[in-house]
Amino acid sequence: MKNYLYTLSIIIAATVAMFFPQFFTQIGDFQLKTLIVPLLQIIMFGMGTTMSPKDFEAVIKSPKSVVIGLICQFTIMPLVGFILATSFDFPPEVAAGIILIGCSPSGLASNVMAYIAKANVALSLTITSCATFLAPILTPLLMKLLGGAFIEVDFFKMMIEILKIIILPIGVGLLVNKIFRNQAQFLNRYMPLVSMAGIALIICIITAAGRESLLKVGGILVICTLIHNISGYLLGYWGARLLKLPEQDCRTVAIEVGLQNGGLASGIALQMGKVATVGLAPALFGPIMNITGSLLASWWSKKPVDNLQAVEIDTSLKN
């Protein structure tokens, strides 16, 4: 049941916010949406405290898998997002949110799902880390190229916001981990719980802020988001298979492509002043990807990688 705890918390958060939005919009004169960026920075700080040079070892050990994973990450989801945004009749800002979630890097959930799915966890950590550090350039660039057809996109402003939201706190976390290595052990124990609570609260705030828009386009947007998410798994997995990666790495690429950093996309939407419209797709993507990701990871966990690879080798020898 521990594998589903994170998913369950996200579903509950979204449901509660839909039925009781008044509790997640403001307290007195204080607008709760102003908490989104600080919460994201805390989550990214926690990510930084758990990172080390070992997270990048896969770049040296299996550079082919890392490069393929990153290429799939920043091509499949942005292009699928653009196709979906132009295929469905959404308002421009809602459509732009679909592209934004596609242009975001993979999120922390992918590392958990990779572990459950018996995928290559070291590769998952490396792709997530590299994608996160590439995000300040690639996310605004892709958003400018693809999302610019729906809304105005300021490349440099978005780049600065991403640097503030993820790179700066991760850098501080890395520094804390290096200077206070022994004392920072308690962070490794409790930061995942803090991150889980932070992501759940962010989803509550965005869902409450965009409730009216969700009631209008929610059903169709859920279908669109689900297609986007599942396309990431399928195209990521089979793209890796076509490029002759091992089964374990194929699973990893599929998970990395399908699971996006919805929190970052939400933070960008807030900084654009469009959290109730552009932020809708990222808010929906969070619960949906955690449900599908948990189901996929649990299904894969019952299929030993060694047996699959043995069957593949045996088949190729017979051929």
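Buried means under 20% relative accessible area, exposed means over 50%, and partly exposed lies in between, using a 1.4 Å probe on protein chains only. By that rule, buried residues make up 53% of the 319 residues in the protein chain. This is a predicted model: local features need pLDDT of at least 70, side-chain atom pairs count only at pLDDT 80 or more, and totals for chains, interfaces and linings use all residues. Residues are numbered from 1 along each chain as its sequence is written, and side-chain values use heavy atoms, with hydrogens and water left out.

**Stop 1: the whole chain**

Contact means heavy atoms within 4.5 Å. Among contacts between residues at least 6 apart in sequence, 84% join residues at least 24 apart.

**Stop 2: the main core**

Select Ile-36, Met-143, Ile-166 and Leu-221. These have the most contacts inside the largest nonpolar core, which has 80 residues. A nonpolar core is a set of buried Ala, Val, Leu, Ile, Met, Phe, Trp, Tyr and Cys residues joined through side-chain atoms within 4.5 Å. Helix α14 gives the most to this core, with nine residues. Now centre on Leu-221. Leaving aside residues up to four places away in sequence, Leu-221 touches Phe-90, Val-94, Ile-98, Leu-214, Leu-280, Ala-281 and Leu-284. Another core, of six residues, lies apart from the largest one; Ala-17, Ala-200, Cys-204 and Ala-208 are among its members.

**Stop 3: α6 against α8**

Show helix α6 (residues 92–103) and helix α8 (residues 121–146). They pack at about 145°, with axes 9 Å apart. Axes are lines fitted to C-alpha atoms, for helices over the stretch in contact, and angles run from 0 to 180 degrees between N-to-C directions. On the α6 side, select Ala-96, Ile-99, Leu-100 and Cys-103; on the α8 side, Thr-139, Leu-142, Met-143 and Leu-146.

**Stop 4: aromatic pairs**

A search of the whole structure finds five aromatic pairs. Rings of Phe, Tyr and Trp (its six-membered ring) pair if their centres lie within 6.5 Å; planes under 30 degrees apart count as stacked, over 60 as edge-to-face and the rest as tilted. Start with Phe-88 and Phe-90. Their centres are 5.5 Å apart and their planes at 15°, so the pair is stacked. Phe-88 is partly exposed at 22% relative accessible area, whereas Phe-90 is buried at 10%.

Next, pick Tyr-237 and Trp-300. This pair is tilted, at 5.7 Å centre to centre and 35° between the planes. Tyr-237 lies in α11 (residues 211–242) and Trp-300 in α14 (residues 280–301), so the pair ties together parts 63 residues apart in sequence. Both residues are buried.

**Stop 5**

Go to Val-275, in the loop between α13 (262–271) and α14. Is Val-275 buried or exposed? At 5% relative accessibility, Val-275 is buried. Its C-alpha atom is 9.5 Å from that of Thr-207, 68 residues away along the chain.

Move to Lys-118, in the loop between α7 (109–116) and α8. Its phi is near 60°, a positive value in a residue other than glycine. Lys-118 is partly exposed, at 39%.

Finish at Lys-244, in the loop between α11 and α12 (247–258). Lys-244 also has a positive phi, of about 65°. At 69% relative accessibility, Lys-244 is exposed.

How values were computed:
Helix = DSSP H or I, 4+ residues; strand = E, 2+ residues; numbered from the N terminus.
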